[in-house]
Amino acid sequence: MPDRRSMLKHSATVAGLLALTGLWPRLSRADSSAAFEAKQIDAVLAALGGQAPVESRQILLSGPDFAENGASVPLGLSSALADIRLLLILVERNPTVLAALFRPSPAVEANFSLRVKLVESSAVYAVAITTDGQACFARKTIQVTQGACGA
């Protein structure tokens with residue numbers, strides 16, 4: 001049975017080999033911090049290399065019409081498009097527009113569930129950017145209420 005010292009030594013060796021081969025997992029953030037700091041939808045798309053977005057029925061965005069608490073709003077995002085490079089959730093009236101960024105592999109189905117924070121009632125966009133830079137979107141307006149009163 002291996003002891004703690006040999007396990008740490010083997011773990012460090014594996015980590016070093018992964019780092020040298022480039023297989024070490026990357027941090028979960030965009031290549032450009034400008035995308036997460038952007039205040040406008042167009043600025044996010046420009047920072048991530050997307051073209052002007054076009055509405056598409058191949059992008060599905062699900063979520064509630066009314067959210068009692070904007071701190072945790074459940075959303076669903078899926079797409080039937082081929083060659084997706086990035087999937088984004090954009091919230092129009094949040095201080096930072098980009099709420100989530102996914103890099104789906106061609107080997108997995110582009111179908112995600114998440115929770116986002118909405119500062120106020122806002123339009124929420126699901127955007128898919130393909131490998132050729134085309135941007136397609138779906139839109140849903142979500143009303144945030146406070147104690148059953150409209151915000």
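This is a predicted model: local features need pLDDT of at least 70, side-chain atom pairs count only at pLDDT 80 or more; totals for chains, interfaces and linings use all residues.

Visitor: Which residue forms a salt bridge with lysine 140?
Guide: Aspartate 65. The closest N and O atoms are 2.7 Å apart.

Visitor: Where do the two partners lie?
Guide: Aspartate 65 is in the loop between S2 and strand S3 (66-67). Lysine 140 is in strand S9 (residues 135-146). So the pair ties together parts 75 residues apart in sequence.

Visitor: And how accessible is aspartate 65?
Guide: Aspartate 65 is partly exposed, at 46%.

Visitor: How many salt bridges does the structure hold?
Guide: Two. Arginine 93 and glutamate 120 also meet in one, at 3.5 Å, N to O. Arginine 93 sits in the loop between strand S5 (84-91) and strand S6 (98-102). Glutamate 120 sits in the loop between S7 and strand S8 (122-130). They are 27 residues apart. Glutamate 120 is partly exposed, at 35%.

Visitor: New topic. What is the strand order in the open sheet of three strands?
Guide: S2-S4-S7, with antiparallel pairing. Strand S2 (59-62) and strand S7 (111-116) are the edges, each pairing on one side only. Neighbouring strands are turned by 20° on average, direction ignored.

Visitor: How many bridges join S2 and S4?
Guide: Four. Serine 62 stands opposite glycine 76 in S4.

Visitor: What about serine 78, buried or exposed?
Guide: Buried, at 18% relative accessibility. Serine 78 is in strand S4 (residues 73-79). Beyond its sequence neighbours up to four places away, serine 78 touches Gln58, Ile59, Leu60, Ala110 and Asn111.

Note on methods:
Residues are numbered from 1 along each chain as its sequence is written. Side-chain values use heavy atoms; hydrogens and water are left out. Helices (H or I, at least four residues) and strands (E, at least two) are DSSP runs, numbered from the N terminus. Buried means under 20% relative accessible area, exposed over 50%, partly exposed in between (1.4 Å probe, protein chains only). Contact means heavy atoms within 4.5 Å. Two strands pair if DSSP finds at least two bridges between them. Axes are lines fitted to C-alpha atoms, for helices over the stretch in contact, and angles run from 0 to 180 degrees between N-to-C directions. A salt bridge is a side-chain nitrogen of Lys or Arg within 4 Å of a carboxyl oxygen of Asp or Glu.
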